[in-house]
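Keep the structure open and follow along.

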Amino acid sequence: MFDTTNIKKTYLKMALPVVIGMTVTLIYNLADTWFIARTNNTALIAGVSLCAPLFTALMAFGNILGQGGSSLVSRLLGGNDTKSVKRVSSFCFYSALVVGIVIGVLLMVLRRVLLPTLGADETNIQYARQYYTVMALGSPIVVLNFIHSNLVRCEGMATQSMLGSLLGTVVNIILDPIFIFTLGMGARGAAVATIIGYVIADAFFVILVARKSKNLSLDVKACHVNGEELGQILGVGITAAITNLMSSVCMVIMNRFLTPYGNEALAAMGMVLKVNMIAQLILVGFAFGGVPVYGFLYGSKNHAKLKELSKFCIMFLCGIALAFSVVLIGLARPIMSGFTSDPVVFEYCVKMLRFMTLGTIFVAVVLYTSVYFQATGRVVQAFIMSVSRQGVVFMVVIFIMSRVAQLNGVLLSQAVADLVSAAIGLLLYLGTIKKN
């Protein structure tokens, strides 16, 4: 299934389509932000920005079964256990559908409680409610997308995975201006365009698995796993999901600490997070693009090639991170000038982008170690990493630094948390290598 004679080439062949898919997603996020910003309605921009953790939370639940399942499937394929692959893939698909429905119901029931918790106030809650409601109703569609977009890569279909994501994103970009401006739906229109894009992508993946896959299954009769397999799916998947949930919590906490500085600061952070995603998503793409290869090598007990790949990947990721840091910090003003004409919001944007980018090289280390632990089924180490960078470490750092340096402390807190988390990841990784 994978050419292990030139493992670096195989890794890049698997990772590049993921990166391209991430880049397309990035283009959509930037376009989405640009379209929303063109409304020149600061309250609308802030309301949509406050709902960003909602999407991250849905992604987290999708990744419990998507990443947890793909980690197990790649190791099963490495051991040539194709019958188990069919059972596991079917279980992940139908379980995601049920989980998405349950989440959607809960989000609607708890809407009045969750919107203020996200930071919505009387100035922006109407826009936040519009976006939130559509995303909540579309929860099953969003959660389902993360199953086959992960699983098909385990069979080597990285390009097809990219095409599925690309299709949904292009539809989304086309529909955004139509719903936001032409139909005058504003925040609600942005959310509707997003859900329709996911519907198209989900349909593509279902057809792909039904017609092209040799190992994955949609057979509901095969939808069962044993206790050990469930433990592996949830063990790895929940740690991956915790990472996404912690990202949501991180955004909520950041927004709450920025609330005293007004809608201008909240709107600026919403834009900066999308721009900062340039580095983040490409790093994530190269890191997670190698998961099927890591798992396959580990499952086939080819430890020499796994060690070779590990050395290459960590240096490669750090090099990319350093390059992005230089570009985003040096070109912060011209980059952000394309997103807003409000002078107050613009100055916030420039400052925030530079501060948020300082820890990018440490993010590369955190991503690599997290992915390595997930792919090889090391649940404890993966869990520790999942609650560090945008979890416990971040919460402690932002609480301290906000009191020491006010706004500057809030903005620098993520970079400091990245540094501490990278150190934790390296210690755990070296300990694992030494033990082996």
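Start with confidence: the chain has a mean pLDDT of 85, and 97% of its residues reach 70 or more. (pLDDT is the predictor's own confidence in each residue, on a scale from 0 to 100.) Confidence is lowest in helix α1 (residues 7-37), with a mean of 75, and highest in helix α4 (residues 82-109), at 93. The helix names come from DSSP: helices are H or I runs of at least four residues, numbered from the N terminus.

A bit of housekeeping. This is a predicted model, with local features needing pLDDT of at least 70, side-chain atom pairs counting only at pLDDT 80 or more, and totals for chains, interfaces and linings using all residues. Residues are numbered from 1 along each chain as its sequence is written, and side-chain values use heavy atoms, with hydrogens and water left out.

Now for a pair of helices. Two packed helices are described by the angle between their axes and the distance between the axes. Helix α3 (residues 52-78) packs against helix α7 (residues 139-154) at about 25°, and their axes lie 8 Å apart. That angle makes α3 roughly parallel to α7. What sits in the contact of α3 with α7, by class? There are 13 nonpolar and nine polar residues there, and no charged ones. Here Ala, Val, Leu, Ile, Met, Phe, Trp, Tyr, Cys and Pro count as nonpolar, Asp, Glu, Lys and Arg as charged, and the others, Gly among them, as polar.

Next, a couple of single residues. Gln130 belongs to helix α6 (residues 125-137), and its relative accessibility is 19%, so Gln130 counts as buried. (Buried means under 20% relative accessible area, exposed over 50%, and partly exposed in between, using a 1.4 Å probe and protein chains only.) The C-alpha atom of Gln130 is 8.3 Å from that of Ala191, 61 residues apart along the chain. Over in helix α8 (residues 158-182) you'll find Ile173, which is partly exposed at a relative accessible area of 25%. Its C-alpha atom is separated by 7.8 Å from that of Ala193, 20 residues apart along the chain.

Move along to helix α12 (residues 291-299), where seven of the nine residues are buried. Among them are Pro292, Tyr294 and Phe296. Just after α12, Lys301 takes a positive phi of about 60°.

Helix α16 (residues 360-375) is mostly covered too, with 14 of its 16 residues buried. After α16 comes Gly377, with a positive phi near 75°.

Last, helix α17 (residues 379-386) and helix α18 (residues 388-435) have axes that come within 8 Å and cross at roughly 165°. That makes α17 roughly antiparallel to α18, and their crossing is left-handed. Within α18 sits Gln406, partly exposed at 46% relative accessibility. Most residues other than glycine have a negative phi. Gln406 is not a glycine, yet its phi is positive, about 50°.

Terms used. Axes fitted to C-alpha atoms, helices over the stretch in contact; angles between N-to-C directions. Helix = DSSP H or I, 4+ residues; strand = E, 2+ residues; numbered from the N terminus. Parallel < 35°, antiparallel > 145°, perpendicular 65-115°, else oblique. Left-handed = near helix turned anticlockwise from the far one by under 90°.
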